Amino acid sequence: MTIENYEKFLEVINSDLKKIFDYQKEYIFCKEGCSLCCTKGNYPVSDLEADYLMIAYDQLDQDKKQEIKNRVKNIKNSDNFESYVCPFLFDNKCSIYSHRPFVCRSFGILTEDAQGNPSFPFCSAEGLNYSKIYDKEKKHLSYDLLLKYNFSVPPKFFKLSNETMMNLPLAKKLNLDFGHTGKLIEFLLKRGI
Ligand code: SF4
């Protein structure tokens with residue numbers, strides 16, 4: 001029942017995120033084959049999201065599963081749990097795409113956390129999303145650049161943290177228990193991958 005309800009939740013989340021990406025489309029450079037956002041991060045996930053992505057992992061072929069295990073082992077040995085290439089990334093594509101966590105769905109948008117602290121996606125500094133209005137030195141919005149371009153809608157910072165997502169009224173209505181939140185690699189190690 002929890003998984004069924006989580007899938008209902010995801011339907012709404014996906015639809016809302018699509019509206020956000022559409023609204024901000026002038027600033028967005030996401031396209032098929034770009035996987036920059038899967039190459040640098042710690043990918044925070046909740047227990048519920050980790051359970052859900054394991055459903056897709058279990059359906060992968062043995063070779064892929066073994067490769068993922070090797071990658072997880074390498075990340076563990078590197079002792080760097082803060083920034084690594086996601087072990088689910090193959091040929092610039094997510095191998096568990098339909099079951100990817102919330103953080104992956106919202107990558108690329110301007111966000112602010114529950115306390116109102118704004119942040120740009122890291123691909124802004126790489127000439128991608130929001131790069132036209134990103135001040136690389138100061139690492140925030142450049143009003144000079146914003147005035148220079150004639151965008152039809154303003155850039156907007158959305159409350160898209162995991163914490164915000166988990167506390168949406170819809171999550172409560174669907175009785176979702178997200179459990180503990182932590183780094184993807186920790187969940188994978190805990191599950192013996
Ligand atoms: S789970 Fe998929 S979408 Fe998320 S970081 Fe990994 S490869 Fe990318």
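Modeller: In the sheet, Glu112 stands opposite Pro118, a residue of strand 5. The model is a predicted one, in which local features need pLDDT of at least 70 and side-chain atom pairs count only at pLDDT 80 or more, while totals for chains, interfaces and linings use all residues. Residues are numbered from 1 along each chain as its sequence is written, and side-chain values use heavy atoms, with hydrogens and water left out.

Strand 4 and strand 5 are antiparallel and share 2 bridges (two strands pair if DSSP finds at least two bridges between them; strands are DSSP runs of E with at least two residues, helices runs of H or I with at least four, both numbered from the N terminus). The open sheet has 3 strands in the order 5-4-8, with mixed pairing. Strand 5 (118–119) and strand 8 (158–159) each have a single partner strand, so one side of each edge strand is left without a neighbour in the sheet.

The second largest pocket holds about 430 Å³ (on a 1 Å grid over the protein atoms alone, a pocket is an open set of points where a 1.4 Å probe fits, with protein on both sides within 12 Å along at least five of seven lines; lining residues have an atom within 4 Å of a point; grid points are joined across faces, edges and corners, and the volume is the space filled by probe spheres set on them). Its lining has 24 residues, of which Val103, Phe107, Thr111, Ser119 and Pro121 are closest to the centre. Helix 4 and strand 4 (111–112) are the elements that give two or more residues to this lining, and helix 4 gives the most, with 3.

Helix 4 (102–106) also gives two or more residues to the lining of the largest pocket, as do helix 1 (2–23) and strand 3 (93–94). The largest share of that lining, 5 residues, comes from helix 1. The largest pocket has a volume of about 900 Å³. Among its 36 lining residues, Cys34, Cys37, Tyr97, Arg100 and Cys104 are the closest to its centre.

The ligand sits in the largest pocket (more than half of its atoms lie within 2 Å of the grid points). Around the ligand are Cys38, Tyr43, Cys86, Phe88, Leu89, Cys94, Ile96, Arg100 and Cys104 (each with a heavy atom within 4 Å).
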